[in-house]
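This report describes selected features of one protein model, as computed from its atoms. The sequence and structure are shown first, and the commentary follows.

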Amino acid sequence: MEKTSFGISVWLVSALVFLVCLFGGYIPALLFVGYILLKESNVLLKKNALGALILLALFSVASYLIGFIPDAIYIVDGFVGLFGGSCQALELQNVANLLSNILSLIKTILFLIFAAKSIKGNAIDLPFCKKIIERNFEE
């Protein structure tokens, strides 16, 4: 079993990366992934760490876009209100909240599944960010 430079199993650190990305936020995730990319020699650990960071960024962008929906609705509602009309902004706000909650649930489930897979020694294959990872890690 391969160990990292501080004596912990490579696959345990790989699982910790996903958990830090899920529960820690950007600063701990960036620090942890940065350490792994700079100091560790295991290529699969580096690929998993970069994949976790890309996945965190994708979920953040999706969350931002969903959060933009109510703002856009209120702009349209204000514009329609200028002409005496009205749109159903409250119902659409509820839909945006529902989408945000579903996205948060999917994020939690995916990060926990990837943490469980990586602690078993499996490399995480993320098809939607595989090109970015492979471009940076030519073997």
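## A buried cysteine between two helices

Cys129 has a relative accessible area of 1% and is therefore buried; buried means under 20% relative accessible area, exposed over 50%, and partly exposed in between (1.4 Å probe, protein chains only). The residue is found in the loop between H4 and helix H5 (130-136). Helices here are DSSP runs (H or I, at least four residues), numbered from the N terminus, while strands are E runs of at least two. From Cys129 to Phe111 the C-alpha distance is 15 Å, for a separation of 18 residues in sequence.

The model is predicted: local features need pLDDT of at least 70 and side-chain atom pairs count only at pLDDT 80 or more, whereas totals for chains, interfaces and linings use all residues. Residues are numbered from 1 along each chain as its sequence is written, and side-chain values use heavy atoms, with hydrogens and water left out.

## Aromatic pairs

Rings of Phe, Tyr and Trp (its six-membered ring) are paired if their centres lie within 6.5 Å; planes under 30 degrees apart count as stacked, over 60 as edge-to-face and the rest as tilted. The count by this rule is four aromatic pairs. In one of them, the ring centres of Phe18 and Phe114 are 5.7 Å apart and the planes meet at 50°, so this pair is tilted. It links distant parts of the chain, since Phe18 belongs to helix H1 (residues 10-23) and Phe114 to helix H4, 96 residues apart. Phe18 and Phe114 are both buried.

Phe59 and Phe111 also form a tilted pair, with 6.3 Å centre to centre and 45° between the planes. Because Phe59 lies in helix H3 and Phe111 in helix H4, the pair ties together parts that are 52 residues apart in sequence. Phe59 is buried at 11% relative accessibility, and Phe111 is buried at 0%. Ring pairs join Phe18, Phe59, Phe111 and Phe114 into a cluster.

## Helix H1

H1 comprises 14 residues and reaches 20 Å from its first C-alpha to its last, close to the 20 Å expected at 1.5 Å a residue; the expected span is 1.5 Å times one less than the number of residues. Its buried residues include Trp11, Phe18, Cys21 and Leu22.

At the start of H1, a side-chain oxygen of Ser9 comes within 3.3 Å of the backbone nitrogen of Trp11. Just after the helix, Gly25 adopts a positive phi of about 95°.

## Helix H3 and its surface

The end C-alpha atoms of H3 are 57 Å apart, which agrees with the 57 Å that its 39 residues should span at 1.5 Å a residue. At the N-terminal end, Asn42 caps H3, with a side-chain oxygen 2.9 Å from the backbone nitrogen of Leu44. Leu82 lies in the loop between H3 and helix H4 (89-119) and is exposed, with a relative accessible area of 65%. Its C-alpha is separated by 59 Å from that of Val43, 39 residues away along the chain.

Which residues make the nonpolar surface patch of about 440 Å²? They are Val61, Tyr64, Leu65 and Phe68. Accessible areas come from the Shrake-Rupley method with a 1.4 Å probe; for residues, only the protein chains shown count as cover. Val61, placed in helix H3 (residues 43-81), is partly exposed, with a relative accessible area of 48%.

Methods:
Patch = residues over 30% accessible without salt bridge, like charges linked within 9 Å, V, L, I, M, F, W, Y side chains within 5 Å. Salt bridge = Lys/Arg side-chain N within 4 Å of Asp/Glu carboxyl O. Polar contact = N/O pair within 3.5 Å; in protein donor to acceptor, adjacent residues only side chain to side chain.
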